Amino acid sequence: MDKLFNEQDIPLAELGKLGLLNNGKPSLSSEDLESLLSGHRTNLITFEDLHADGIHINKMDAKLSLEKSAEGEFKIQIHPIYREAKKHPLLLESEAEQLEQGKLTHVLKTYQQDNGKRKSWIIEFDPETNEFIAADPDKIKVPAMINGEKLTDMQKDQYRNGSIVELSDGTKLQRRASSRSGVTANREALVYSLVLDGGISYMLLRSLRNLFGSKSQQKDYTEGYQHALRDMQLRQRNTPVILPSFTANSGEEVYKNQKKDASNTQFR
């Protein structure tokens, strides 16, 4: 599956204002660049001596993401560390508190829209930026296989809705909008597979963060992972085309882009 964005979509002028250009090219790590193109957020980046709109910032830590406006313009979104978290309008006070305290990884909220149709949002909390993030489960792209194991319909629903998915080899993973790769796992790497146009497309996700709140060290790679990796490398050598990458998470939005009049929603 193709990335959400191409490298030419990145507004270089905006990166230049942030001091992230080197000889006309983005001076980002390969992992952060991949995150931008996949529609994810980067890791925290330290910016120094910024000048914009008459404002001077000596030093600031923030994450970046790439978004396309309704007018078709590509913009770099800055996600700074907020002093106080602004509660998501769809959350109850108790739900917001549990997310902030790390007692919950996410909350699935479903309500009835004005047109009578039901709508859901998966809301999580990013402790690094002190911000609530929401994703539309209808827009989550779910792999057909992970580490060569075909996902069941139940596992696909678990992935889509932000729950932990467990494979038969003991691999556990969870889609996380706040993670640079869009997923966390009890392994450092995963191989995603997607059936596309009669063929198989692969994506290797590396340097994954551990599962949220896990006190156990990430485990060694499994036989399924090794086999899927060899299969991916073999197909890449024998295929004269560039395999499209897979976006582990898309449809991510911050609460301010959602329905403004949340007070009139009826939760189910």
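Student: How many bridges join β7 to strand β8, and which way do they run?
Tutor: Five bridges join β7 to β8 (residues 131–135), and the two strands run antiparallel. Keep in mind that this is a predicted model.
Student: Which residue stands opposite E131 in β8?
Tutor: That's D126.
Student: And what sits between β7 and β8?
Tutor: The two strands form a hairpin with four residues between them. In that turn, N130 has a positive phi of about 60 degrees.
Student: OK, other partner now. How does strand β6 pair with β7?
Tutor: Also in the antiparallel sense: β6 (residues 107–112) and β7 pair over six bridges. Within that pair, K109 stands opposite W121 in β7.
Student: Which residue in the hairpin of β6 and β7 takes a positive phi?
Tutor: G116 does, near 90 degrees, and this hairpin has five residues between the strands.
Student: Why is β7 largely enclosed?
Tutor: Eight of the nine residues of β7 (residues 118–126) are buried, so the rest of the structure largely encloses this strand. Buried here means under 20% relative accessible area.
Student: Switching topic: what order does the open sheet of three strands have?
Tutor: The order is β11-β12-β13, with antiparallel pairing. β11 (165–166) and β13 (183–185) are at the edges with a single partner strand each, so one side of each has no neighbour in the sheet.
Student: How many bridges join β11 to strand β12?
Tutor: Two bridges, with β12 covering residues 172–175. There, V165 stands opposite L173 in β12.
Student: Great, thanks!

Key:
Residues are numbered from 1 along each chain as its sequence is written. This is a predicted model: local features need pLDDT of at least 70, side-chain atom pairs count only at pLDDT 80 or more; totals for chains, interfaces and linings use all residues. Side-chain values use heavy atoms; hydrogens and water are left out. Buried means under 20% relative accessible area, exposed over 50%, partly exposed in between (1.4 Å probe, protein chains only). Two strands pair if DSSP finds at least two bridges between them.
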